[in-house]
Amino acid sequence: SLVGSEMFIRDSILSKGISNGTDWKARLASVKKVDALCNKYYRHIGVGGVLETLKVLTSRFQEPNKNFVVDVLRTMSLLVSSAPKDSLRGAVKATLPTVMGFLGDQKQPLREEAANYAQMGFLLLGLESILPLVQKPITADAMFAQSAILDLLEAVFEQHIQSLEQSNSPPRIVPPRHIIPLISPILKLGMGRHGDVRVKAEQVLVYVLNIAGADAVRRECMNLRPAEQQSVNCLLYTSPSPRDS
């Protein structure tokens, strides 16, 4: 039942096991116990237990063994998917900055689990809420992080467009102040060394153009070198709509 599962996941022994400071095996066993609970009570776990357990799990991001952190992120994704989403927005939002820090890690499974959790968080929170969160990560030096952030942005922009198309109510305007700080980093990624990142940056810029407008992008172009400005201007005149790209 819902109550039974919530009481189980909030059990003090479980929380103490996850945060055990001396025995990593006990910590891992407690994380696996959360996995088993989520699988047993999928979509029937009370939100109070999820919030508490999510908080305890994030304390394990500092584990020296990255395989442990991979397990923690996988469990967090399962935990969030097992509970009522609207009640988790604040808790998930609080975890995203740290999780996005793993997107540039050298360990592929860690990057992948971080990206899975981040995408779940992005789509849960929506475009307006996540834009302030990506202003720092989008300037990361690591190619893996750059590529992952652009993928996440494309997913949440696409969700935003779909929600506008399916809604019968007047669309909520995304404040330009949230979009504009991202324009310059996206433009720079679109002229970077890595072809895959450049293509993704151009795709994301198309969404930005449709929300912020070409004039906002041109204003940001004034901070670029003349040759770079010319490249951006070519893109502005040839960019299709997201549905045409």
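The legends below describe close-up views of a predicted model.

Residues are numbered from 1 along each chain as its sequence is written. In this predicted model, local features need pLDDT of at least 70 and side-chain atom pairs count only at pLDDT 80 or more, while totals for chains, interfaces and linings use all residues, and side-chain values use heavy atoms, with hydrogens and water left out.

**View 1. Helices H4 and H5 cross in a left-handed manner.** Helices are DSSP runs (H or I, at least four residues) numbered from the N terminus, and axes are lines fitted to C-alpha atoms over the stretch in contact, with angles from 0 to 180 degrees between N-to-C directions. The axes of H4 (residues 47–58) and H5 (residues 66–81) come within 10 Å and cross at roughly 165°, and the two helices are therefore roughly antiparallel, a term for angles over 145 degrees. A crossing is left-handed if the near helix is turned anticlockwise from the far one by less than a right angle. Contact means heavy atoms within 4.5 Å, and the residues that meet include Val-50 and Leu-54 in H4 and Val-72 and Met-76 in H5.

**View 2. Helix H3 passes H5 in a left-handed crossing.** The axes of H3 (residues 24–40) and H5 come within 9 Å and cross at roughly 25°, which makes H3 roughly parallel to H5, a term for angles under 35 degrees. Among the residues that meet are Trp-24, Arg-27 and Val-31 in H3, and Phe-68, Asp-71 and Val-72 in H5.

**View 3. Asn-20 lies in the loop between helix H2 (12–18) and H3.** With 22% relative accessibility, Asn-20 counts as partly exposed, that is, between buried (under 20% relative accessible area) and exposed (over 50%), for a 1.4 Å probe and protein chains only. Leaving aside its neighbours within four places in sequence, Asn-20 is in contact with Ala-26 and Arg-27.

**View 4. Two aromatic pairs are counted.** Rings of Phe, Tyr and Trp (its six-membered ring) pair if their centres lie within 6.5 Å, and planes under 30 degrees apart count as stacked, over 60 as edge-to-face and the rest as tilted. The rings of Phe-61 and Phe-102 have centres 5.5 Å apart and planes at 75°, so this pair is edge-to-face; both residues are buried. Phe-157 and Tyr-207 form a stacked pair, 5.5 Å centre to centre with 15° between the planes, and this pair links helix H9 (residues 143–166), which holds Phe-157, to helix H11 (residues 195–212), which holds Tyr-207.

Terms used:
Parallel < 35°, antiparallel > 145°, perpendicular 65-115°, else oblique.
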